[in-house]
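Several terms are used when a protein model is described. The questions below ask what lies behind each of them.

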Amino acid sequence: MGPSGYKQLNSTLDLNCISAVDRNGNMIIDSLYMNRLVSDLKHPEVISSSSSFDIISDQIVGANDNYVEIEFNEPMDIESQPLVYFEGSANVNGSIQYNVLESGYTDSLNYRAYFQILDENIEIDSIDLKIALGADRSQNSQENKIYPVFIKLDTKNPSIIDIVANTNTLNATDNLLNISLSFDEPMDTDIQPTINYNPLIISPVILNQNNIQWITEDSLTTSFELISGGQNQQLHAIEFSEGTDLAGNTLIEFQEESFLTIEGAVEINVNQFEPIALHPNIIGRGQPVNLVNIPHEYQGSEIKLYNSAGKLLYKTLTENQESQIITPQLSSGIYILKIQQETLRLIIL
Ligand SMILES: [Ca+2]
Ligand SMILES: [Ca+2]
Ligand SMILES: [Ca+2]
């Protein structure tokens, strides 16, 4: 018995009841019911499909609103769910799982199939959508439908596979660092990876990133310039993060230990700002005097003390940044102290 209440495009049948007899043997008046039976031998067809995603990436993993919308050409048996699945060159069933419980007809013609997306870290370029087993109200099964190359799948995160630098040591003379990076797949060139050093480079050391530039979709260069150094040598690891591939999957963080040595910068230490001096430069007889802010390159040099007539009275060697001079019993007057090119005056009261 066909359903009633809607029009089929298919032909209709007439129901005839002729020569029937009731249980008492009475003839029943012949009856003729026009167009009461419907013959539906026609299989339903899918006429359109669309999805909430073109590419499956990490960005939609775990979301619960990933679906495919399917439109049929005739009213369907909404109790009978079609099978909606994807087929690629490699198995995608683990990554794209049909959520039958959530899926259903939104009206008699339209079915919405929900999917759970899992991150299997794979890339499959072309995936077909397949729809089968939908049934119309006469239980005619649908024509199997295939949409070839319907979506792509990329849940594989990109990696840095090579890092090349012009040097691994920076100092006041060799202060330019050029780095080239290679990635294992094409990257979104609108996004620059973030570069950090570990330990962080902090004042007084200043390392400026001069530029960062994509050369191709899978290679990038960047350069740094050491503007000022610190007093002590420091070894740094380099870390890269936050780039993405074309599907929007984030870069696997990459770290190279012992990547960069920033040498202690002799030229930029405190002695440059504090000149070598005697402290104090006026003393009483027999008192010691300190020579302070001795530059690194003066260490181990001779300190010579002359009287105002130019006679050498005393000689010693510098030690560290500071040297104490014990003056012998010198009489009052002006004395001259020499170390390398420096000439300083000492007054003894
Ligand atoms: Ca039909
Ligand atoms: Ca992934
Ligand atoms: Ca990828």
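This is a predicted model: local features need pLDDT of at least 70, side-chain atom pairs count only at pLDDT 80 or more; totals for chains, interfaces and linings use all residues.

Q: What makes up the secondary structure of the protein chain?
A: The protein chain has 26 strands and zero helices. A strand here is a DSSP run of E with at least two residues.

Q: How do you know how confident the predictor is in the protein chain?
A: The confidence of each residue is expressed as pLDDT, on a scale from 0 to 100. The average for the protein chain is 88, and 89% of the residues score at least 70. Residues 1-9 are a stretch where pLDDT stays under 50, and the model has nine contacts for them beyond four places in sequence.

Q: Why is Val68 called buried?
A: The term requires 20 or more other C-beta atoms within 10 Å. Val68 has 25 such atoms within 10 Å, and is therefore buried. This residue is found in strand β5, which covers residues 67-72. Across the protein chain, buried residues make up 19% of the 349 residues.

Q: Which residues are in contact with Val68, leaving aside its neighbours within four places in sequence?
A: They are Ser49, Ser51, Val84, Ala113 and Leu129. Contact requires C-beta atoms within 7 Å. Val68 and Tyr111 are 43 residues apart in sequence, and their C-alpha atoms are 8.2 Å apart in space. For the protein chain, among contacts between residues at least 6 apart in sequence, 65% join residues at least 24 apart.

Q: Why are β3 and β7 said to stand at the edges of their sheet?
A: The sheet is open and antiparallel, with four strands in the order β3-β5-β8-β7. β3 (46-51) and β7 each have a single partner strand, so one side of each is left without a neighbour in the sheet. From one strand to the next, the twist averages 25°.

Q: How do you know that β5 and β8 are paired?
A: Pairing requires at least two bridges between the strands. Five bridges join β5 to β8, and these strands run antiparallel. Within β8, Tyr114 stands opposite Tyr67.

Q: What makes up the largest nonpolar core?
A: This core has 21 residues, and those with the most contacts inside it are Ile70, Val92, Ile96, Ala113, Ile127 and Leu153. At least two of its residues come from each of β5, β6, β7, β8, β9 and β10. A second, separate core has 13 residues, including Leu177 and Ile262. In soluble globular proteins, nonpolar side chains tend to be buried together.

Q: Which residues is Ile70 in contact with, leaving aside its neighbours within four places in sequence?
A: The contacts of Ile70 are Val46, Ser49, Val84, Asn110, Tyr111, Ala113 and Ile131.

Q: What makes β17 a partner of β18?
A: Six bridges join β17 to β18 (residues 254-262), in the antiparallel sense, where at least two are required. His236 stands opposite Leu260 in β18. Strand β17 (residues 234-241) also pairs with β14 (residues 194-198), over five bridges and again antiparallel. There, Ser241 in β17 is the bridge partner of Thr194.

Key: Residues are numbered from 1 along each chain as its sequence is written. Chains are lettered from A and ligands numbered from 1 in the order in which they are written. A residue is buried if 20 or more other C-beta atoms lie within 10 Å of its own, exposed if 12 or fewer, and partly exposed in between; C-beta atoms are placed from the backbone. Two residues are in contact if their C-beta atoms, placed from the backbone, lie within 7 Å. A nonpolar core is a set of buried Ala, Val, Leu, Ile, Met, Phe, Trp, Tyr and Cys residues joined through C-beta atoms within 7 Å. Axes are lines fitted to C-alpha atoms, for helices over the stretch in contact, and angles run from 0 to 180 degrees between N-to-C directions.
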